[in-house]
Protein chains: 2
Amino acid sequence: MEVRRATIKDVAEAAGVGVATVSRVLSGGSASPETRERVLAVAAHLDYRPSALGRNLRQRRTGGMGLFVPDLTDTFYGQLAEGVLACARSAGEPVVLGSTGDDPEQEAELVGMLLEQGVDRVIAVPSGGAETWGPAIKAGMTVVFADRLPSDPSTDVRPPSPSDEGSGAASVSDLMLLDGLPPAPRARPLDVPAVLADDRAGIRTAVRYLRGLGHRRIAFLGGPGHGRRVAAFREAVGAPVDEGLVVFATGSRDSAYAAASGLFQSRPDLTAVVTGGNVLGEAAVLAARELDLRVPRDVSLVMYDDVPWAELCSPPLTVIAQPGRDMGYRAAELVMRAGSRRPRSVLLPTELIVRGSCGPRH
Amino acid sequence: MEVRRATIKDVAEAAGVGVATVSRVLSGGSASPETRERVLAVAAHLDYRPSALGRNLRQRRTGGMGLFVPDLTDTFYGQLAEGVLACARSAGEPVVLGSTGDDPEQEAELVGMLLEQGVDRVIAVPSGGAETWGPAIKAGMTVVFADRLPSDPSTDVRPPSPSDEGSGAASVSDLMLLDGLPPAPRARPLDVPAVLADDRAGIRTAVRYLRGLGHRRIAFLGGPGHGRRVAAFREAVGAPVDEGLVVFATGSRDSAYAAASGLFQSRPDLTAVVTGGNVLGEAAVLAARELDLRVPRDVSLVMYDDVPWAELCSPPLTVIAQPGRDMGYRAAELVMRAGSRRPRSVLLPTELIVRGSCGPRH
DNA sequence: ATGAAAGCGCTAACAA
DNA sequence: TTGTTAGCGCTTTCAT
């Protein structure tokens with residue numbers, strides 16, 4: 001029983017006015033009180049809902065926004081998405097979701113899909129770099145990065161400049177840690193606003209905490225997009241960095257487990273590890289258990305991201321909490337406001353939540 | 001630097017053909033090989049991408065599908081969403097995401113939003129009942145339910161008929177457990193295909209397993225949408241059901257914790273509990289720890305949903321696993337195929353994964 | 001204050 | 001095989 005929806009024309013006819021008048025009334029334009037009332041009444045009676053299709057075509061853009069995350073089974077991205085959705089809902093805007101699997105190619109395809117759909121705003125936890133996002137921006141998209149910046153392979157391993165210390169907000173070029181490099185031979189970094197957690201402070205606090213517990217051989221276990229975190233780690237532990245203690249996995253849980261297990265086995269001398277994300281934290285707990293390493297007696301553990309199950313572990317995990325939901329909400333605000341005002345990036349605070357997974361060095 | 005995208009007209013002019021020809025070529029219609037080639041070349045050269053806006057308006061429907069879940073921070077729904085996205089991506093279709101918070105009102109609003117957007121297909125983990133979904137269907141939407149069926153208050157507590165025993169697929173009316181009731185005085189149940197896990201078998205297996213361990217006072221801790229699961233539980237334990245052992249929480253983590261804690265305190269005689277979802281499992285672990293109940297020594301625990309962190313618990317949690325990702329994928333298939341063929345519902349198998357959270361009764 | 005009319009980019013019917 | 005044309009539902013000048 002396919003029911004044709006009422007169109008603006010139907011309303012106009014039923015109300016005895018022109019379509020333009022209906023359009024005006026419904027979008028708050030000027031109209032005589034009595035006309036307005038009649039139109040409103042008729043519209044309500046016919047259960048009229050303006051079609052976004054017509055409006056979008058006319059305005060040559062779809063409302064709403066895209067949201068790209070690497071993996072929705074990672075609780076942190078679930079939190080982020082909830083934040084975006086909450087903000088979008090309060091504005092009545094649809095959100096088109098894409099899961100990139102940390103794969104720049106899939107991400108690029110998804111960007112193409114948005115373009116095709118006329119969705120010109122997107123919040124992304126980026127997997128690709130300038131080769132994806134440059135074209136998107138040139139095509140007129142408003143993009144806001146969340147949680148991380150496009151990984152620039154050459155910066156992932158570069159130490160940060162001391163200049164962005166303590167800034168409450170940071171431009172992308174600050175955040176990309178490019179300062180001090182001759183900018184000439186490189187492409188200009190993308191000028192895209194971003195909503196990030198203060199990884200630097202979070203990692204620094206964690207490392208200092210572990211140091212205070214007597215730990216000297218502290219490892220970092222990272223994954224895709226943890227470039228800024230590992231940079232912060234290097235800075236926090238100070239040169240010379242023991243490179244055998246810095247290990248990376250790809251995005252999958254298997255890879256995370258392999259990396260964690262490999263780390264524990266290759267460096268039995270380590271006494272503490274900081275993980276760049278919750279999936280890696282999970283892997284570290286599992287690998288430690290498998291290798292009969294006691295937490296925190298044999299190895300202390302700090303995990304980036306607070307997730308509900310961190311408290312369930314035995315012992316409960318000490319974590320660097322970042323406000324995932326807030327980050328999503330703020331990012332959605334930014335992407336919606338863009339245009340009216342050039343948005344600045346946002347740096348949100350992190351917090352070290354001490355539970356039971358760290359102990360004094362033995 | 002706003003760049004106007006090339007339109008079909010641009011391509012037509014540049015290729016020296018009519019717009020219809022371009023449209024035909026691009027949608028695989030008939031055209032002479034040489035024309036086709038020329039059009040394709042020009043289109044590629046102009047970086048032409050057909051605008052979904054124009055097509056949608058013309059066809060009076062938007063492509064893609066909606067996806068409604070209660071809460072993306074619940075890992076199970078993250079898995080489900082990943083499945084939907086995987087299927088949609090392989091078809092190049094956009095997915096509009098909505099998080100309902102288990103609130104029928106929000107859900108109804110989201111349905112309205114989809115309608116407005118011209119999205120006429122939706123996969124939903126439903127929160128509301130016929131009052132939401134009836135109108136949606138009457139408006140011409142294709143809807144597929146996933147994970148659960150609209151809760152019918154009067155059926156939530158009703159025992160199932162024995163007739164759907166072992167069926168590999170089930171119609172919604174079977175699944176709504178309405179059989180044996182006089183259908184006359186009630187509204188006809190929604191005739192909507194669904195992708196569900198075989199809760200009944202899963203719960204039955206779990207209860208039998210606990211029984212085998214000697215447990216007699218087994219509790220059920222449920223949440224929104226766990227109507228079929230509690231029905232299965234009642235059936236599995238058999239009459240008379242000790243109603244003090246059947247407890248429900250609302251969707252929030254706080255409520256889940258309160259319910260779990262309340263259950264343990266009001267019924268210290270229970271020796272095992274089955275939870276209807278992973279958030280409730282989490283709450284049960286936390287509440288048990290808080291009350292100094294040892295798992296599995298003092299209380300055995302079986303959680304519905306397998307999630308990565310189930311293995312991290314001490315002891316690792318025995319779970320009823322359901323294939324979240326597959327469920328999402330199948331649901332997306334169903335909603336996309338609908339129209340060509342009347343889709344049947346799908347019942348996917350569950351599996352009891354025995355880890356360490358159950359022990360013999362003490 | 002209001003209506004008529006021109007499209008937005010596309011597809012589908014109809015002609016040629 | 002191809003081109004012409006008529007809209008899809010809406011917003012937005014431009015007259016009135």
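**A walk through the model**

Me: In which helix of chain A does A:Val111 lie?
Reply: This is a predicted model, and what follows should be read with that in mind. Within chain A, the residue A:Val111 belongs to the helix that spans residues 104-117, which is α6.

Me: Is A:Val111 buried or exposed?
Reply: Leaving out residues up to four places away in sequence, A:Val111 touches A:Phe68, A:Thr132, A:Trp133, A:Ala136 and A:Met141. A residue counts as buried when its relative accessible area is under 20%. The relative accessibility of A:Val111 is 6%, so A:Val111 is buried.

Me: What distance separates the C-alpha atoms of A:Val111 and A:Phe68?
Reply: A:Phe68 is among the residues that A:Val111 touches. Along the chain the two are 43 residues apart, while the separation of their C-alpha atoms is 9.2 Å.

Me: How many of the residues of strand β2 of chain A are buried?
Reply: In a regular strand, side chains alternate between the two faces of the sheet. In β2(A), A:Val95, A:Leu97 and A:Ser99 point one way, A:Val96 and A:Gly98 point the other way, and all are buried. For the strand at residues 95-99, the count of buried residues is therefore five of five.

Me: Which residue of β2(A) stands opposite A:Leu67?
Reply: Strand β1 of chain A, residues 65-69, runs parallel to β2(A) and is joined to it by five bridges. Within this pairing, the residue of β2(A) opposite A:Leu67 is A:Leu97.

Me: Which strands stand at the edges of the six-stranded open sheet of chain A, and why is one side of each left without a neighbour?
Reply: The sheet has mixed pairing and the strand order β7-β6-β8-β9-β10-β12. Each edge strand has a single partner, so one side of it has no neighbour in the sheet, and these strands are β7 (246-248) and β12 (351-353).

Me: What is the average twist from one strand to the next in this sheet?
Reply: The sheet in question is the open one of six strands in chain A. From one strand to the next, its twist averages 20 degrees.

Me: What is the bridge partner of A:Met303 in β10(A)?
Reply: Strand β9 (residues 300-304) and strand β10 (residues 318-321) of chain A run parallel and are joined by three bridges. In β10(A), the partner of A:Met303 is A:Val319.

Me: At about what angle to β9(A) does helix α10 of chain A run?
Reply: Helix α13 (residues 278-290) of chain A packs on the sheet, touching β6, β8 and β9, and its direction makes about 155 degrees with that of β9(A). Helix α10, at residues 199-212, lies across β6, β8, β9, β10 and β12 of chain A, and its angle to β9(A) is about 170 degrees.

Me: Which element supplies the largest share of the surface near DNA strand C?
Reply: α2 and α4 of chain A, together with α2 and α4 of chain B, each supply at least two residues of this surface. The residues of the surface divide into eight nonpolar, 11 polar and seven charged. The largest share, four residues, comes from α4(B).

Me: How far is a polar side-chain atom of B:Ser23 from a phosphate oxygen of DNA strand C?
Reply: Of the atoms of DNA strand C within 4 Å of the protein, 60% belong to sugar or phosphate. A polar side-chain atom of A:Ser30 lies 3.5 Å from a phosphate oxygen, and a backbone N or O atom of B:Gly54 lies 3.0 Å from a base nitrogen. For B:Ser23, the distance to a phosphate oxygen is 2.9 Å.

Me: Which residue's backbone oxygen does the side chain of B:Thr62 reach at 2.5 Å?
Reply: B:Thr62, in the loop between α4 and β1 of chain B, is buried, with a relative accessible area of 9%. Beyond its neighbours within four places in sequence, its contacts include A:Leu53, B:Asn56 and B:Gln117. The backbone oxygen reached at 2.5 Å is that of B:Gln117.

Note on methods. Residues numbered from 1 in each chain as written. Chains lettered and ligands numbered in written order. Predicted model: local features only at pLDDT ≥ 70, side-chain atom pairs only at ≥ 80, totals over all residues. Heavy atoms only, no water. Pairing = 2+ DSSP bridges. Axes fitted to C-alpha atoms, helices over the stretch in contact; angles between N-to-C directions. Contact = heavy atoms within 4.5 Å. Near = heavy atom within 4 Å. Polar contact = N/O pair within 3.5 Å; in protein donor to acceptor, adjacent residues only side chain to side chain. Nonpolar A, V, L, I, M, F, W, Y, C, P; charged D, E, K, R; others polar. Buried < 20%, exposed > 50% of the residue type's maximum accessible area, 1.4 Å probe, protein only.
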